[in-house]
Amino acid sequence: MTEKPQTIVEFQRVNFEIGGLKILDELNLQVNKGETLVLLGESGCGKTTTLKLINRLIEPTSGEVLVEGKAMTDWDAIKLRRRIGYVLQEAGLFPHFTIRENVALVPNLENHEKEKTRERVNELLELVGLNPDKFADRFPHELSGGQRQRVGVARALAANPDLLLLDEPFGALDAITRTNLQKEFAKLVTELGKTAVFVTHDLHEAFILGSRIALMDKGRFALVDTPENFRKSDLPLVHDYLQTIEFQK
Amino acid sequence: MSFFEFLQQNWSEIFALTREHLWLVFISTALAVLIGVPVGVLLTRRKSLQTPILGIANILQTVPSLALFGLLIPIPFIGGIGAKSAIIALTLYSFLPIIRNTVTGISGVDSKIKEAATAMGMTDWQILKMVELPLAAPVILTGIRVAVVIAVGVATIAAAIGAGGLGTYIFRGLRQNDNNLLLAGAIFSAILALIADFALGQIGKLYALQNVQNKAAHKRRKFILVGAAVLIIGFLGFSLISNLKSRTQNFSNQTIRVGSKDFTESVILAEILSQMLEKKGIQVERQFELGGNLAHDALLSNQIDVYPEYTGTAFTAILNHQPITDTEAVYNQTKAEYAQKFNLIISPPLGFSNDFAILVRGDVARKNNLQTISDAVPISKNWQAGFGQDFMSRPDGYEGFSKAYNFNFSKQPREMDLALTYRALQSGQVDIIAGNSTDGLISVLNLFQLDDDKKYFPPYQAVFIARKDKAEILRETFEQLANAISTDEMRRLNYAVDGENTAPRDAAKNWLMRFQ
């Protein structure tokens, strides 16, 4: 029994519609503790919607989303969100907050002790490769895109959540910065033992980061499996994706 | 008198009017912000309300200011004459830019940032306070800035309902044909608008993102602004205290609130009455220069106790009778009907009448040998007439007049402010106007009064009209003033104010010294 992995997030027959348009169709999914699940798919396939259901930015039309075994309706949305780290594309940092204030956001909302939060911010900035003495008192616009994304990751980690949600965090970065961040992030997640759900349209990224890949197509999961099995799959869609990588090489 | 001399002599009044003006603008803007920003926030949360509420604010803004002031007069609690109505009207005007910019500012905050804020577990209130309002602040401040500049301008009109402010000078200047008054009113309100615009621009810069992000500049600006704010608040605090002081006086039982219409003669008469009452130790609160028939409305709604009126005006414009020419009959009937209909009393006649005076330029009268109105009819076909709004609309005014004399102007008469018709006549832009027979400007501007040979105009004996509950306090003074002022004397008093720029207060004082 102890062998059975702990389920952090579970989707049970989840549907989501907007104005009669079906975005998600009967999704069933389990995200296990410590894994990085990559939601892979083209724009409009429903991967970001799936992600937003997890921290209740949106609510399913029908079906159940459970986090840590508790149904959404049993969670207080505010409390739930503060337990989940969230990183979005172009970081979504507050432009009128310094880097320190941005990273300290959730600890401050939770009224953590000021001095502890200060240490925590320094520690996190070190962790994501930014020198706190140099960066903490700057504003987001003074940083490069890659640096801002590092701050975004630091902010998500600030309250020490077990679960991280990432919505194409590296999508807008140049190739070199992106590759560096992908590698560092993969290392970070493994070291910290976090569970992560990671949205991307980039198969390469999915292979670097994912312990499992969930390929989405038109609101359904076409395939949910490890990268190794993904490569072996004979689904035409997977084939198409693999070709994009071959082509790049 | 040069403008500079005028400023030297009147700086304390200018200062007081500026303070009143600033006070009106400050209070109304503060109210508009306190109500408008939350309403704007609500509209970003309930989008379906945006169209109706912004629509209402839009309509409010298009109501002409004088009309809005007039509409507020009869409304209990919030209306009436004086600063209260003015503040309400100014607040209503300020809503649109403030609400609209709050909505625009908050809607303009990057959706990614809002999403991040929600996802971090911020409550709606925290998002509003920590993210949306700070980021929307420059846009909201621009709205406030627009509102303040509008309010400084509209507040000049507030003088028409006795709210004071620099508009008092502008209206007085128009009436008395006094460029110094006009200039002072216009220049100081323009300066106020410029200062307010600049100061709010600076505050806007303070909250602009690039300055929030530059700590040193932010601090420096904050320091300057806090200094400026302390100055303004001190200034306003001072005027608040002096306001309260004059308010507390009002609660004394022996206070008489004296009103006047918005022309020189009415102000002088009200001033004469006020000074006589004050000599008797009665407190007087002056609510002068009320436009149109506001003085009557104010009397009915218990905002003032007494004001000078003319029997003919009361008879035709207020009681809506057809004009008749028997002086005594008009007085007696007006007195009886006022007592019965409005529960108001009428003083004995003051001794002079201020009849309508049909005026032409002196040289035109001499050249054509004009004496009576009938003389002018044959040569008037191509004349441009210019009449005050009042004359155009009242039952004994233009319509009956032109019929009685068979005038047939080929051009539609220009309808303009009464005070401006004198200037227009003098400068040749119009050829015939209807002024007042006691007006000092008639001789100053070398105008000629045509005789009312058909006795068309009803008599306009000057009287005071008062609330019945003040009859006891006023009786003695009314009796002293019965038949006390001749037409010549009144014309001289008007000339002293309009022609020689004596303050009405001083003109009244001089007359009382001679009188007693």
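**View 1. Packing of helices H11(B) and H23(B) in a predicted model.** Helix H11 (residues 264-279) and helix H23 (residues 504-515), both of chain B, pack at an angle of about 55°, and their axes are 8 Å apart. Helices here are DSSP runs (H or I) of at least four residues, strands (E) of at least two, numbered from the N terminus. Axes are lines fitted to C-alpha atoms, for helices over the stretch in contact, and angles run from 0 to 180 degrees between N-to-C directions. Residues in contact (C-beta atoms, placed from the backbone, within 7 Å) include B:Ile268 and B:Ile272 in H11(B), and B:Ala508 and B:Trp511 in H23(B).

The model is predicted: local features need pLDDT of at least 70, side-chain atom pairs count only at pLDDT 80 or more, and totals for chains, interfaces and linings use all residues. Residues are numbered from 1 along each chain as its sequence is written, while chains are lettered from A and ligands numbered from 1 in the order in which they are written.

**View 2. The contact between chains A and B.** Chain B gives 17 residues and chain A gives 17 residues. On the side of chain B, H5(B) supplies the largest share, six residues.

View 3. A:Asn111 lies in the loop between helix H4 (105-109) and helix H5 (114-127) of chain A. A:Asn111 counts as exposed because it has 8 C-beta neighbours inside 10 Å (exposed: 12 or fewer; buried: 20 or more; partly exposed: in between; C-beta atoms placed from the backbone).

Technical notes
Two residues are in contact if their C-beta atoms, placed from the backbone, lie within 7 Å.
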